[in-house]
Amino acid sequence: MVRLFVELKARLTWNGVRNDVQRRFGFPIAILLLTWLAVWLAGKHLDLTSHLESNSEALGHYLGWVALFMFLVWVTLPVIIFPLDENLDPQQLSTLPISSTQLVTGLTAASLVAPATLIPVILMSVNGWVLIEGWWMVVPASVVFMGLLSVGSQLFSASISAILRTRRGRDIATFLILGLAAASFFIYRSVASTVSQLGFEEAALSAPILDWALLIPPVAAQRAIVEASDGNVAMALVMLAAATLWLGALAWLWRALLGWMLTTPPEGSRPAGRARRNGMATGAWGVIPTLARKELRFYVRDPRQRLVWTGTVIFVGLAVAGTIMGATGVFDLRDNEWAPLVAPILVLFVGLPIALNLFGWERNAASYLFVLPAKPSQLLMGKNIAVSIGLFIESIVLALALSLFTGFWQWTWMVVPLVVAAIGSQLAVGNMVSVLTPLRLPREGTDVFAQSTEQGCLAIVMQVVSFFAIGLLLVPPASVVVLTVDFGQAVPSWFAVVFSILYGVILYAVSLFVASRLLKRRLPEVMAWVQVV
Amino acid sequence: MTAVDDVDLTILPGEFYGLLGQNGAGKTTTIKTIVGLLRPDAGSVGIGEWDTWTHPTEVKSRIGVLPEEFNLYERLTGAELLDFTAAMHGLSRDEAASRRDELLELLDLTSAGSKLIGDYSRGMRKKVALGAAIIHRPPVLFLDEPFEGVDAVSARLIRNLLQQAATGGTTVVFSSHEMHLVEKLCTRIGIMVEGKLTIEETPAGLCTLTGKDNVEDAFIAAVGGDKVDGTSWYDSSSS
């Protein structure tokens with residue numbers, strides 16, 4: 001049965017690569033990027049372990065922490081940032097004559113048939129090399145560790161999906177994920193400050209995580225290899241048994257959760273509020289405003305779009321907070337009166353998955369939208385207005401927060417024209433990318449986070465390229481503003497205001513003109529790309 | 001792969017035209033091409049004097065489309081979808097609100113109008129999609145499988161609405177596998193086989209042509225479906 005699941009996943013992956021243009025391009029990119037990432041991480045890992053060769057105790061604890069971090073990143077990253085891979089949908093397999101144990105075992109094995117598996121395989125090979133004295137334990141403990149990654153990841157993803165099926169799920173999931181993001185930041189801060197204060201070796205010894213291995217599944221698997229390399233056969237076997245028991249427990253939980261999800265329908269939407277009872281006939285009316293209002297509703301109602309808007313801003317907020325606190329060491333904002341002007345940089349990070357994929361979020365409803373008599377320019381403008389509102393609010397809120405924190409208010413007003421230039425730059429790039437390379441988003445089924453690695457990699461590549469393009473476009477207005485607020489205020493402020501606004505508007509208008517014509521010609525192609533089949 | 005090939009189809013104003021064919025015959029592709037969702041490799045399509053590909057907005061403002069799949073906005077309520085569609089078609093706010101309320105009541109969706117479409121049953125989705133297709137009173141209606149998956153009451157409701165539209169001068173083009181409804185409603189029938197339009201006739205003319213006494217038998221004969229046998233193994237004696 002497990003073989004059948006693995007073969008099914010392999011066949012689906014191969015068929016996807018063969019028949020889907022996105023995957024045909026994305027698959028080799030995914031393999032290259034993931035291999036590069038795995039080799040880079042392995043190099044870092046080897047470099048750090050070489051510093052601890054003389055102290056086996058510190059090395060053991062460090063390796064325990066590495067196992068824990070890898071587990072946490074692997075489990076949470078698909079939900080927080082972007083999915084590592086597309087898993088088989090349990091819903092489609094639920095009518096087969098197999099037991100739930102077979103289902104869970106098969107899904108676990110099948111999830112490893114994916115390009116992303118390259119990373120743990122390469123890292124665990126290096127890990128085994130570092131602890132080569134315990135060679136006899138490397139393979140069994142690594143297999144258990146891989147099982148923990150697979151089961152843990154799908155259990156977490158299924159848990160979030162299960163929460164989203166409840167009436168209040170979108171709010172709960174958003175707060176949960178924001179909590180995880182915030183926790184990640186503070187863990188990073190804590191580790192960074194401990195290492196800088198105590199040094200690498202002492203820091204590892206000050207947090208003896210191997211002592212807690214029985215309670216932390218991935219650390220138990222890692223300790224099994226560490227003990228084996230130290231020659232403690234009995235303790236190695238105990239740790240392997242503990243990790244295996246944990247794997248069984250997590251698999252049991254996942255099985256129970258799947259059983260519930262497959263037999264319980266999602267809760268219906270909330271009872272109607274006043275706004276819903278009135279439809280959309282109250283408020284701004286007309287093709288463009290109504291389309292913008294539809295988009296704004298989806299920013300709130302679509303869990304993934306809501307996460308884009310709320311999650312990313314928290315990340316950036318934390319990064320800015322770290323900068324203000326001097327944690328990142330990039331530059332210290334605390335003593336600069338232009339600190340609030342950093343806020344428009346937010347547009348480089350926030351909303352990109354939406355601004356660069358305006359039609360992808362339509363999914364199959366694109367065919368509904370495209371038979372309505374709206375001109376391509378109207379479609380783009382309606383969606384652009386919604387993105388602009390989101391970006392404008394978030395940038396202004398951040399600017400006010402920075403002013404409040406630093407106490408500098410002199411240049412806060414300058415944020416408004418700078419935000420116009422920044423939004424114009426993002427929309428200029430976003431409209432072109434949305435029309436030329438729309439990205440297909442996965443069907444919302446049992447796992448709302450399901451997306452193939454190849455598509456994820458394409459999305460990341462597209463975002464990185466666009467990120468630099470938007471950054472380059474922002475150089476002229478940013479330079480003018482810098483010359484206004486610093487360097488002896490060489491440029492009058494009125495000029496910076498006029499230049500920034502005109503720059504943003506003209507850039508946007510040119511992009512809208514070109515993208516509208518492209519969309520008119522490519523409408524069937526855009527629809528075909530974004531539709532989920 | 002060619003989905004539709006060499007189709008020469010003219011539908012006159014006020015006609016109730018049934019596009020029939022087996023699964024995969026090219027009915028949906030034909031409708032999608034006419035409404036501007038698929039670009040033909042060759043030839044032209046249009047509504048009235050307007051060509052779909054050179055004047056897409058003019059064409060789309062004159063048509064209402066009920067898609068085969070339920071490609072609606074699942075996170076809009078039924079009322080919001082109707083308002084949204086009305087706004088996109090340029091109706092005034094008051095007119096939109098008035099028609100929306102009337103449609104929701106007619107379609108028996110008044111209480112469901114404030115629920116998200118994602119929570120609707122198949123029949124409810126079909127009804128709200130039909131409401132959205134007709135809210136701007138289009139002169140031409142394209143309906144892909146309007147009776148598929150709906151209960152008898154809803155089917156009767158949809159049928160009455162379509163008949164009312166046709167009586168009012170609306171041209172209706174629809175694909176369906178419900179042959180008794182095709183026989184009752186259509187003034188003309190087009191049969192597609194493997195991407196080609198092979199027969200165009202009135203229901204009575206089709207029966208005469210095939211020597212059958214009802215449209216269902218006539219259709220099956222026309223597409224060669226009467227030669228289908230069962231399996232060699234799936235019968236009671238082999239179990």
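Reader: How many bridges join strand 1 (residues 16–21) of chain B to strand 7 (residues 188–193) of chain B?
Author: This is a predicted model, in which local features need pLDDT of at least 70, side-chain atom pairs count only at pLDDT 80 or more, and totals for chains, interfaces and linings use all residues. Residues are numbered from 1 along each chain as its sequence is written, while chains are lettered from A and ligands numbered from 1 in the order in which they are written. Strands (E, at least two residues) and helices (H or I, at least four) are DSSP runs numbered from the N terminus, and two strands pair if DSSP finds at least two bridges between them. Strand 1 and strand 7 of chain B run parallel, and the number of bridges joining them is five.

Reader: In strand 7 of chain B, which residue is the bridge partner of B:Leu20?
Author: Strand 7 of chain B is joined by bridges to strand 1 of chain B. There, the partner of B:Leu20 is B:Ile191.

Reader: Which strands are the edge strands of the open sheet in chain B?
Author: The open sheet has six strands in the order 4-5-6-1-7-8, with mixed pairing. An edge strand here pairs on one side only, and this holds for strand 4 (63–66) and strand 8 (196–201) of chain B.

Reader: What is the average twist from one strand to the next?
Author: Axes are lines fitted to C-alpha atoms, for helices over the stretch in contact, and angles run from 0 to 180 degrees between N-to-C directions. From one strand to the next, the twist averages 15°.

Reader: Is helix 7 (residues 135–164) of chain A roughly parallel or roughly antiparallel to helix 11 (residues 233–263) of chain A?
Author: The axes of the two helices come within 9 Å and cross at roughly 25°. Angles under 35 degrees count as roughly parallel, over 145 as roughly antiparallel, 65 to 115 as roughly perpendicular and the rest as oblique. Therefore helix 7 of chain A and helix 11 of chain A are roughly parallel.

Reader: Which helix of chain A gives the most residues to the side that touches chain B?
Author: Two residues are in contact if their C-beta atoms, placed from the backbone, lie within 7 Å. The contact takes 29 residues from chain A and 34 residues from chain B. With six residues, the helix giving the most to the chain A side is helix 13.

Reader: Which element of chain A has the lowest mean pLDDT?
Author: pLDDT is the predictor's confidence in each residue, from 0 to 100. Where pLDDT is low, the predicted coordinates should not be read in detail. Chain A averages 85, and 88% of its residues score at least 70. The lowest mean among its elements, 55, belongs to helix 12.
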